[in-house]
Amino acid sequence: KGTDEEKALRSQKIQDGYKKAIATPVETAKACLEVLELALPVSTKGNPNSITDVGVGAQMAATGLDGAIFNIRINLGSIKDGSFVEEMNKEIEILNDRKIELLDIILKNVDQQL
């Protein structure tokens with residue numbers, strides 16, 4: 001931390017660490033969205049006796065996605081790379097919009113079978 005070069009390198013390493021910290025919650029958010037995508041056909045073609053399991057599972061996947069987005073957003077606040085932050089915010093928006101769309105359809109399908 002003594003020279004300007006050392007300070008710059010340290011700062012860059014910290015920024016790299018924030019970006020790495022985002023990688024896992026991004027993967028988690030995508031996996032949760034995949035669960036919702038898989039739950040959609042089950043909500044119409046699955047066993048009617050376990051339809052509530054589909055609804056609960058979809059809500060859990062949606063909550064997992066929300067939690068992942070929280071973790072992404074907290075780290076984005078510390079990242080100085082504006083284009084990276086903008087890209088991640090767009091990705092978050094796409095994931096969240098699709099989550100809302102799928103969860104709404106799935107829960108309507110579940111409700112219709114109750």
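Reader: How many helices and strands does the chain have?
Author: The chain has 3 helices and 0 strands, where helices (H or I, at least four residues) and strands (E, at least two) are DSSP runs numbered from the N terminus. The model is predicted, so local features need pLDDT of at least 70, side-chain atom pairs count only at pLDDT 80 or more, and totals for chains, interfaces and linings use all residues. Residues are numbered from 1 along each chain as its sequence is written, and side-chain values use heavy atoms, without hydrogens and water.

Reader: What pattern does the chain follow along the sequence?
Author: The pattern is α-α-α. The radius of gyration of the chain is 19 Å, well over the 13 Å of the globule rule for 114 residues, so the chain is more spread out than a compact globule. That radius is taken over C-alpha atoms, and the rule is 2.2 Å times the number of residues to the power 0.38.

Reader: What box do the C-alpha atoms fill?
Author: Roughly 70 × 20 × 15 Å, along the principal axes.

Reader: At what angle do H1 and H2 pack?
Author: Helix H1 (residues 4-45) and helix H2 (residues 51-76) pack at about 160°, with axes 8 Å apart. Axes are lines fitted to C-alpha atoms, for helices over the stretch in contact, and angles run from 0 to 180 degrees between N-to-C directions. H1 and H2 are therefore roughly antiparallel (over 145 degrees; under 35 is roughly parallel, 65 to 115 roughly perpendicular, the rest oblique).

Reader: Which residue classes make up the contact of H1 with H2?
Author: That contact divides into 21 nonpolar, 5 polar and no charged residues. Ala, Val, Leu, Ile, Met, Phe, Trp, Tyr, Cys and Pro count as nonpolar, Asp, Glu, Lys and Arg as charged, and the others, Gly among them, as polar.

Reader: Are H2 and H3 roughly parallel or antiparallel?
Author: The axes of H2 and helix H3 (residues 82-113) come within 10 Å and cross at roughly 165°, so H2 and H3 are roughly antiparallel. The contact of H2 with H3 has 17 nonpolar, 5 polar and 3 charged residues.

Reader: And what about H1 and H3?
Author: H1 and H3 pack at about 25°, with axes 9 Å apart. That makes H1 roughly parallel to H3.

Reader: New topic: what lies over the face of Phe84?
Author: Lys19 does, at 4.9 Å from the ring centre (the cut-offs are NZ of Lys or CZ of Arg within 6 Å of the ring centre and within 35 degrees of the ring normal).
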